[in-house]
Amino acid sequence: MSAPIFSNHGCRLNAYELEAMKELAEGAGLQDAVVVNTCAVTAEAVRKARQDIRKLRKANPNARLIVTGCAAQTEPDTFANMAEVDAVIGNTEKMQANTWSGLAGNFGTEPVQVDDIMSVTETAGHLIDGFGTRSRAYVQVQNGCDHRCTFCIIPYGRGNSRSVPAGVVVDQIKRLVDRGYNEVVLTGVDLTSWGADLPAAPRLGDLVMRILKLVPDLPRLRISSIDSIEVDEALMQAIATEQRLMPHLHLSLQHGDDLILKRMKRRHLRGDAIRFAQEARALRPDMTFGADIIAGFPTETEAHFENALALVEECDLTWLHVFPYSPRPGTPAARMPQVNGRAIKERAARLREAGAAQVQRHLKAQVGRTHQILMESPHMGRTAQFTEVHFDAPRTEGSIVTASITGMADSHLLA
């Protein structure tokens, strides 16, 4: 008998939930199993999951192979019909103890357990006290999404937006701080929608201010990806006044042309993104931005793309996540006129080149400055702006050290 093997695909939230599944599987006594937690964000992600399943089956011929995650939720038959797969469980079921008890006991469990994700009204964020390295913990405060962007399948894998109550979040973070974590990252599928389903409909800024007030020993609080058009006044106040809130925001922008943004069914226009970046940086001059940008969205012309490219400098974006568009079956965008694959590849390369130039500009500006750096390993840490810093002499992992920046390399700083 051997402990189960877990394979994770996709986002940070999937990684968070994987830790919860490990605890549930261990508690149920599951043995001799392989669990694949899939991603559905692109057709390529589904293809890679299928490929991983075949490899894992070949390496573990006698184990039960269980598939879960967003792709299992959105297209269970795709995996149930694979000869290598023994069981398929949905995103709700994977966070329930009785699911794992059934799998461990193998008593009358259905091979496919995938319910209607849209009927789910609660999160399972209370199951674990965060996960991460010894230096940084991630805390899920929200799941699901009420929006329907035309390129995105995720709402059908995650369901509608659900929030973890503020009191539960605060208690969880207190426990993490007691365990020695110096930085906590709030995560979710649509983080800025947090609170809309809770009594009195609090906003994300209210949660941030409450955490910083009630957990005074937490040195650093970080926010993962946000939708800038949904940022509330309290969050802007926190940006302006709370030094423990890290000056790094990852923006879900997706494009920089108004027509393409409308065809994506986004809730902001180009001017909204620029205005937010300017306002946030005025409140916090050391603020840096990351952003998601899609290259080659259906109907995108060269002129449309130039607007996306120009947004990199106009918002002064530093950390770009560039996604070459690929059609996701089941989404409206997959039925729109597609852009030539070669043009998509070339535009993605130009965006990445612009992003690399922005990183160099940022790094040069840091040389000679002093930073508070959270050590992720003995020789590497990150500044408040999430910039990587390398050290010659080892430092204590998980500690926050003060250091002067002496130089830069290709994509990181030296201290």
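Which residues of the largest nonpolar core touch the most other members?

1. Please keep in mind that this is a predicted model. In its largest nonpolar core, which has 56 residues, Ile-173, Leu-186, Val-208 and Ile-211 touch the most other members. Helix H7 supplies the largest share of this core, six residues.

2. Have a look at Ile-211 in particular. Leaving aside residues up to four places away in sequence, Ile-211 touches Val-169, Val-170, Ile-173, Leu-186, Leu-218 and Leu-221. There is also a second, separate core of 19 residues, with Val-34, Ala-40, Val-46 and Ile-153 among them.

3. Next, the helix pair. H7 (residues 166–178) packs with H8 (residues 204–214) at an angle of about 40°, and their axes are 10 Å apart. H7 is therefore oblique to H8. Their crossing is right-handed. On the H7 side the contact is made by Ala-166, Gly-167, Val-169, Val-170, Ile-173 and Lys-174, and on the H8 side by Leu-207, Arg-210, Ile-211 and Leu-214. Sorted by type, the residues of this contact are seven nonpolar, one polar and two charged.

4. Two backbone angles are worth a look. Ala-200 is not a glycine, yet its phi is positive, near 70°. This residue lies in the loop between strand S10 (183–187) and H8. Ala-200 is exposed, with a relative accessible area of 82%.

5. Phe-386, also not a glycine, has a positive phi of about 75°. You will find Phe-386 in the loop between strand S16 (380–382) and strand S17 (388–390). Phe-386 is partly exposed, at a relative accessible area of 23%.

Key: Residues numbered from 1 in each chain as written. Predicted model: local features only at pLDDT ≥ 70, side-chain atom pairs only at ≥ 80, totals over all residues. Heavy atoms only, no water. Axes fitted to C-alpha atoms, helices over the stretch in contact; angles between N-to-C directions. Helix = DSSP H or I, 4+ residues; strand = E, 2+ residues; numbered from the N terminus. Parallel < 35°, antiparallel > 145°, perpendicular 65-115°, else oblique. Left-handed = near helix turned anticlockwise from the far one by under 90°. Contact = heavy atoms within 4.5 Å. Nonpolar A, V, L, I, M, F, W, Y, C, P; charged D, E, K, R; others polar. Core = buried A, V, L, I, M, F, W, Y, C linked by side-chain atoms within 4.5 Å. Buried < 20%, exposed > 50% of the residue type's maximum accessible area, 1.4 Å probe, protein only.
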